[in-house]
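This report describes the fold, the core and the surface of the protein shown below.

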Amino acid sequence: MTSTNQDRRQTTMPNDEDIYKASDIDVFIQKERRHDELDRLREIKDQKNTWLYTVLFCAVLNVMLITLAVWGVIEP
């Protein structure tokens, strides 16, 4: 039995929270064929990357500020 377009559309994609928790979103992107779902997956991937870069930038900035504060206390 071959599946029609309507049959293929009945498969549900995981919700956004499950995709955010996934370690590799590219696997979902490679399997997906529908353009609307591809756009959603790419948007989730971009949001995840933006969040990661923002958190890393804030962590580096905090380390720099703490280092300057400690250096200011140690140096007379």
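The accessible surface of the protein chain comes to about 6700 Å², and carbon and sulfur atoms hold 60% of that area. Accessible areas come from the Shrake-Rupley method with a 1.4 Å probe, and for residues only the protein chains shown count as cover. The model is predicted: local features need pLDDT of at least 70, side-chain atom pairs count only at pLDDT 80 or more, and totals for chains, interfaces and linings use all residues. Residues are numbered from 1 along each chain as its sequence is written, and side-chain values use heavy atoms, with hydrogens and water left out.

The protein chain has 4 helices and 0 strands, in the order α-α-α-α from the N terminus. Helices (H or I, at least four residues) and strands (E, at least two) are DSSP runs, numbered from the N terminus. Of the 76 residues, 13% count as buried; buried means under 20% relative accessible area, exposed over 50%, and partly exposed in between (1.4 Å probe, protein chains only). Among contacts with a separation of 6 or more, 45% join residues 24 or more positions apart, where contact means heavy atoms within 4.5 Å.

Helix H4 covers residues 35-74. H4 has 40 residues and reaches 58 Å from its first C-alpha to its last, close to the 58 Å expected at 1.5 Å a residue; the expected span is 1.5 Å times one less than the number of residues. The buried residues of H4 are Glu-37, Leu-38, Leu-41 and Ile-44. Their cover includes helix H2 (16-21) and helix H3 (26-31).

The largest nonpolar core consists of 6 residues: Ile-19, Ile-25, Ile-29, Leu-38, Leu-41 and Ile-44. H4 gives the most to this core, with 3 residues. Such a core is a set of buried Ala, Val, Leu, Ile, Met, Phe, Trp, Tyr and Cys residues joined through side-chain atoms within 4.5 Å.

Ile-25 lies in the loop between H2 and H3 and counts as buried because its relative accessibility is 5%. Leu-38, in helix H4, also counts as buried, at 10% relative accessibility. Two C-alpha to C-alpha separations involve these residues.

| Pair | Apart in sequence | Apart in space |
|---|---|---|
| Ile-25 and Leu-41 | 16 residues | 7.5 Å |
| Leu-38 and Phe-28 | 10 residues | 8.7 Å |

Leaving aside neighbours up to four places away in sequence, Ile-19 touches Pro-14, Ile-25, Arg-40, Leu-41, Ile-44 and Lys-48. With neighbours within four places likewise set aside, Ile-25 is in contact with Ile-19, Leu-41, Ile-44, Lys-45 and Lys-48, and Leu-38 with Ile-29, Glu-32 and Arg-33.

On the surface, Phe-57, Val-60, Leu-61, Met-64, Leu-65, Leu-68 and Trp-71 form a nonpolar patch with about 750 Å² of accessible area together. Patches are made of residues with over 30% relative accessible area and no salt bridge; like charges are joined within 9 Å, nonpolar side chains (Val, Leu, Ile, Met, Phe, Trp, Tyr) within 5 Å. A salt bridge is a side-chain nitrogen of Lys or Arg within 4 Å of a carboxyl oxygen of Asp or Glu. Met-64, found in helix H4, is partly exposed, with a relative accessible area of 48%.
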